[in-house]
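Reader: I would like a close look at a single chain of this model, with the cut-offs behind each term spelled out. Please take the contacts within the chain as your starting point.

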Amino acid sequence: MLAIFKREMRSYFTSPVGYMFCAIFFAVSGFLFMLNTVQAGENANYAGYFSIILFLFIVIIPLLTMKLVSEETKMKTDQLLMTAPITLADIVFGKYLAALTMFGGSFIVSSAIYYIPLAMYGTPNLALYIGCVLGVFLVGSAFISIGIFISSLTENQFISAFGTIGAIIFLLFVSSLNSYINNEAVRNFLSGLSITSRYSYFSYGLFSYDSLIYFISLSAVFLFLTIRVFEKRRWSKS
Amino acid sequence: MNTMIKVEHLIKQYGERYAVNDISFEVKKGEIVGFLGPNGAGKSTTMNILTGYLSSTSGKAMVDGLDILEHPLAVKKKIGFLPETPPLYLEMTVREYLYFIYDLKKCTLNRRAHIEEVCRVVKIEDTLDRMIKNLSKGYRQRVGIAGAIIGNPEVIIFDEPTNGLDPKQIIDIRNLIRELGKERTIILSTHILSEVKAVCDRILIINEGKIVADELTENIEGALRGNRRIAIRIEGPSATVLSALKKIPGVIYAEISVAHEDGSATFIVESKNEIDVRKPIFYMLAQRSWPILSLEFTGANLEDIFISVVDEAEEAAEHKKA
């Protein structure tokens, strides 16, 4: 697993992807943070920043996950990994950890930096701040897991990227569709899928085990499904 | 010698189609075995099952007494595999790539010394810091082979190792495989007959997912039904020469293949495999003062061998039915 993780981390920084990710993430998140706090004057609200940054994921998460599995399939390097003395879980988890490190690293570092001006010019609630960071991190890790799963379904990294963009948009906006639906069963089902409603607990400063478990199991389910996709290839590839 | 690889009644089915249809064979420790067969015969599929890349529909594949399905990690540790397309990460340097494989295989040998040794064996020491995408096809193939032999696996499986290389590279790679085969068990696949003849101790001919012949290399031609063919260039009246050639005992077929401008002609003469007609032809021609300008075996090519082997298998099947 460590070998896979190290290779993916190196691959992020020997190609433009890692730099593009960092550049876009720091530029856009910095700008959004400024808009929501410094520029907002009396309405300054960092919880608002954390809610908006979720929408940045539509662009930056696919950047991290689009190549992870699809490129292996296309270049037939999956043959190397699948005939090496490691398990499929090692492969999938190594890749997941690499993407999570990229995302989590930049997000946590940026959040720590943004806290400095908040503490200098105001009295932020540290517990609430950490709650928001944790919530956003969990949402991001779930999206990465979904991105890896979609990447394992195709050998074209652009299809993988657009698929992931679609999935993230759906999960972010599904709760806003709810008000247009009359059937209550459907409405309940859709709000169950909604990421944003789960996340909102964290942004209110409520630590909810339900949501924590929801996000962790969402990641786990899609990583598991990715392993199944690899497994299935063993049986049906021609 | 003990058995290193044992395959029993292996079947791989895709829907209605059988890619591998009931293959059984054994490979002894230290043997070099060649899989010979046309494209799509099931060579790659068999290799992919042995290395754990694909699962078989039914049947058993064992390496050193361990079943690949029951002990996948232990078996994979014993095998070095070079797939048909070398699995290279183009954006890595050769050194980074080999170090990655070293980590992937969880090797315990001294990393630096081992990788240096592997590079010396496959002769890529001077490309270590180049990106793989900038390497020529021959070098990429070598890097693939280097990856396969990292960790000194007891078994090495090469899927068409010389495919697409130039003649000089092909000779180099064949020598390399022979060198590796001194201490290891090797399976390689190819669709070139001369290649297996040059490298392997034993040949398995595979066609349509079945083994149609399993012979030691020195016996393969004798074992295959088929005729011995020679091409002779003779100076003399071609029509008379032809009828004289046909009269030689043992000759079953003769024809004029090329009539040359200097009045000579090249004849193709076929005889039964066990009869050597070169001497009687020589004495006959000497008697008539028709000089031989050249004489060579044209040999059976893979297609001929194939046709004969496949025909034989079909005949046997029909015989069984009757």
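Author: Among the contacts in chain B between residues at least 6 apart in sequence, 68% join residues at least 24 apart, where a contact requires C-beta atoms, placed from the backbone, to lie within 7 Å. This is a predicted model, in which local features need pLDDT of at least 70 and side-chain atom pairs count only at pLDDT 80 or more, whereas totals for chains, interfaces and linings use all residues. Residues are numbered from 1 along each chain as its sequence is written, and chains are lettered from A and ligands numbered from 1 in the order in which they are written.

The chain has 11 helices and 14 strands, taken as DSSP runs numbered from the N terminus, with helices being H or I of at least four residues and strands E of at least two. Its C-alpha trace spans about 75 × 55 × 35 Å along the principal axes. Chain B is divided into domain 1 (3–223) and domain 2 (227–297), with bounds from an automatic or database domain assignment, and the C-alpha centres of these two domains lie 43 Å apart.

Of the 322 residues in chain B, 39% are buried, a class that needs 20 or more other C-beta atoms within 10 Å of a residue's own, while 12 or fewer make it exposed and counts in between partly exposed. K182(B), in the loop between α6 (167–180) and β8 (185–190) of chain B, is exposed because 9 other C-beta atoms lie within 10 Å. The C-alpha atoms of K182(B) and I32(B) are separated by 8.9 Å, although the two residues are 150 residues apart along the chain.

Definitions and conventions:
Two residues are in contact if their C-beta atoms, placed from the backbone, lie within 7 Å.
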